[in-house]
Amino acid sequence: MLEISTGKVVRVIMLTRENGPDNVHLAEYIGSLNDDEKVNLVAVMWIGRGSFDADELEEALAEARAEATAPTERYLSGIPGLAEHLENGLEALGINVTDAEDRF
């Protein structure tokens, strides 16, 4: 189970699409998340890019927690296709991204 709301992940997706992955608004938003939310965001991204399968969520979370040595906002800003990876990760986890995006 994710410890970040779908709305927060969708907000990251939208900020990335609007301004690119290396913009200050995205960095500030990700920086404002708590540590568990940051770990979950990274795990969702990893699932979305195929580093882990959806049924390996717990392993992805453990790995994200263990490898959290740099600020999450700096790490994610260097990921090409960040928005798509997050969207794919949510979908792999059975979360309808279109419904969540429509609420924004």
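A: **Salt bridges up close**

Lys-8 and Glu-37 join their side chains in a salt bridge, at 2.5 Å from N to O. The term means a side-chain nitrogen of Lys or Arg within 4 Å of a carboxyl oxygen of Asp or Glu. Lys-8 belongs to helix α1 and Glu-37 to helix α3 (residues 35-49), so this pair ties together parts 29 residues apart in sequence. Helices are DSSP runs (H or I, at least four residues), numbered from the N terminus.

This is a predicted model: local features need pLDDT of at least 70, side-chain atom pairs count only at pLDDT 80 or more, and totals for chains, interfaces and linings use all residues. Residues are numbered from 1 along each chain as its sequence is written, and side-chain values use heavy atoms, with hydrogens and water left out.

Glu-37 is buried, with a relative accessible area of 9%. Lys-8 is partly exposed, at 27%. Buried means under 20% relative accessible area, exposed means over 50%, and partly exposed lies in between (1.4 Å probe, protein chains only).

The structure holds 3 salt bridges in total. Another one joins Glu-87 and Arg-17, at 3.1 Å from N to O. This pair links distant parts of the chain: Glu-87 is in helix α6 (residues 82-92), Arg-17 is in helix α1, and 70 residues separate them. Glu-87 is buried, with a relative accessible area of 18%. Arg-17 is partly exposed at 43%.

Asp-36 and Arg-65 also meet through their side chains, at 3.7 Å from N to O. Asp-36 lies in helix α3 and Arg-65 in helix α4 (residues 57-66), so the bridge ties together parts 29 residues apart in sequence. Asp-36 counts as partly exposed, with 34% relative accessibility. Arg-65 is partly exposed too, at 43%.

Glu-3 sits in the segment before α1 (6-19). Its relative accessible area is 48%, so Glu-3 is partly exposed.

Terms used: Helices (H or I, at least four residues) and strands (E, at least two) are DSSP runs, numbered from the N terminus.
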